[in-house]
Amino acid sequence: MAERPVAQVPRLILALLAVGLAAQVGWKAVSPSLPPRADDLPPAPGIAVLRLASFGDSIALAKVLMLYLQAFDFQSGSKVPYRELDYGRLEGWLKRILELDPQGQYPLLAASRLYAEVPVESKQRSMLEFIYAQFLLDPNRRWPWLAHAAIIAKHRLKDLPLARRYAAAIQLHVTAGNVPLWARQMEIFILEDMNELEAARIMIGGYLQSGKIDDPAELRFLDQHLKELEARQRGQK
């Protein structure tokens with residue numbers, strides 16, 4: 001969906017945003033300068049409340065809330081590192097924003113590129129599982145973020161079974177024809193990293209026999225890769 005120009009956002013929404021910003025600036029001006037705290041992020045409101053507050057334009061409100069969420073780490077002139085945020089509340093906000101604008105991609109981009117790359121393993125895993133759950137609601141549109149989650153699981157967490165789980169979900173649930181071969185093949189390469197050569201060989205054979213691949217270059221690549229796997233298997237015997 002194309003980005004909506006600010007001029008098309010209802011004046012009421014813009015007015016409410018302006019009032020909110022003015023109130024925040026005024027409060028900061030008269031209040032003592034205190035260091036920001038990550039737990040200042042409040043729980044996300046219920047979706048029914050947000051739909052009522054949107055005055056019928058949930059997409060515009062979703063964009064405003066995403067700006068609020070990303071700006072939250074800048075308070076009183078200082079930065080609250082992403083790793084200190086309450087990830088339960090953070091995921092609640094991201095979920096609400098996606099409920100307001102199901103076709104929006106930016107919340108999952110932020111989840112995978114910002115919040116899932118903090119140097120805290122428990123929070124990384126939590127955010128990756130959030131991405132996985134949201135992917136299942138719309139696989140054909142949200143597969144790029146799960147693909148990135150698989151890369152994080154493999155290279156950052158060094159958790160190959162988890163990376164394979166995400167890669168397998170792309171293979172199982174995505175039906176769109178415009179998904180690149182590299183995304184569909186992620187599970188094969190992860191299986192190779194796990195030394196599961198027979199499983200990888202069977203998957204490639206399934207691709208070649210499925211008739212779903214009509215690009216000659218892709219067919220040649222898979223055929224050559226299959227031969228390399230078979231040679232590796234013979235070398236292990």
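Because arginine 125 and glutamate 121 are four residues apart in helix α6, about one helical turn separates them. In this predicted model, the two residues form a salt bridge whose closest N and O atoms are 2.9 Å apart. Arginine 125 is partly exposed, with a relative accessible area of 28%, and glutamate 121 is likewise classed as partly exposed, at 45% relative accessibility.

Arginine 125 also meets aspartate 159 in a salt bridge, at 2.9 Å from N to O. This second pair links distant parts of the chain, since arginine 125 belongs to helix α6 while aspartate 159 sits in the loop between α7 and α8, 34 residues apart. Aspartate 159 has a relative accessibility of 17% and therefore counts as buried, the cut-off for that class being under 20%. Taken together, Glu121, Arg125 and Asp159 are linked in a network of salt bridges.

The structure holds 12 salt bridges, among them one between arginine 232 and glutamate 192. Arginine 232 lies in helix α12 (residues 216-236) and glutamate 192 in helix α10, so this pair ties together parts that are 40 residues apart in sequence. Arginine 232 is partly exposed, at 37% relative accessible area, whereas glutamate 192, at 13%, counts as buried.

| Salt bridge | N to O distance |
|---|---|
| Arginine 125 and glutamate 121 | 2.9 Å |
| Arginine 125 and aspartate 159 | 2.9 Å |
| Arginine 232 and glutamate 192 | 3.2 Å |

Leaving aside residues up to four places away in sequence, tyrosine 115 touches Leu69, Gln70, Tyr82, Leu85, Tyr87, Leu90, Leu94, Ala110 and Met127. In soluble globular proteins, nonpolar side chains tend to be buried together.

Is valine 120 buried or partly exposed? Valine 120, in the loop between α5 and α6, has a relative accessibility of 24% and so counts as partly exposed. The C-alpha atom of valine 120 is separated by 9.9 Å from that of tyrosine 82, a residue 38 positions apart from valine 120 along the chain.

Conventions:
Residues numbered from 1 in each chain as written. Predicted model: local features only at pLDDT ≥ 70, side-chain atom pairs only at ≥ 80, totals over all residues. Heavy atoms only, no water. Contact = heavy atoms within 4.5 Å. Helix = DSSP H or I, 4+ residues; strand = E, 2+ residues; numbered from the N terminus. Buried < 20%, exposed > 50% of the residue type's maximum accessible area, 1.4 Å probe, protein only. Salt bridge = Lys/Arg side-chain N within 4 Å of Asp/Glu carboxyl O.
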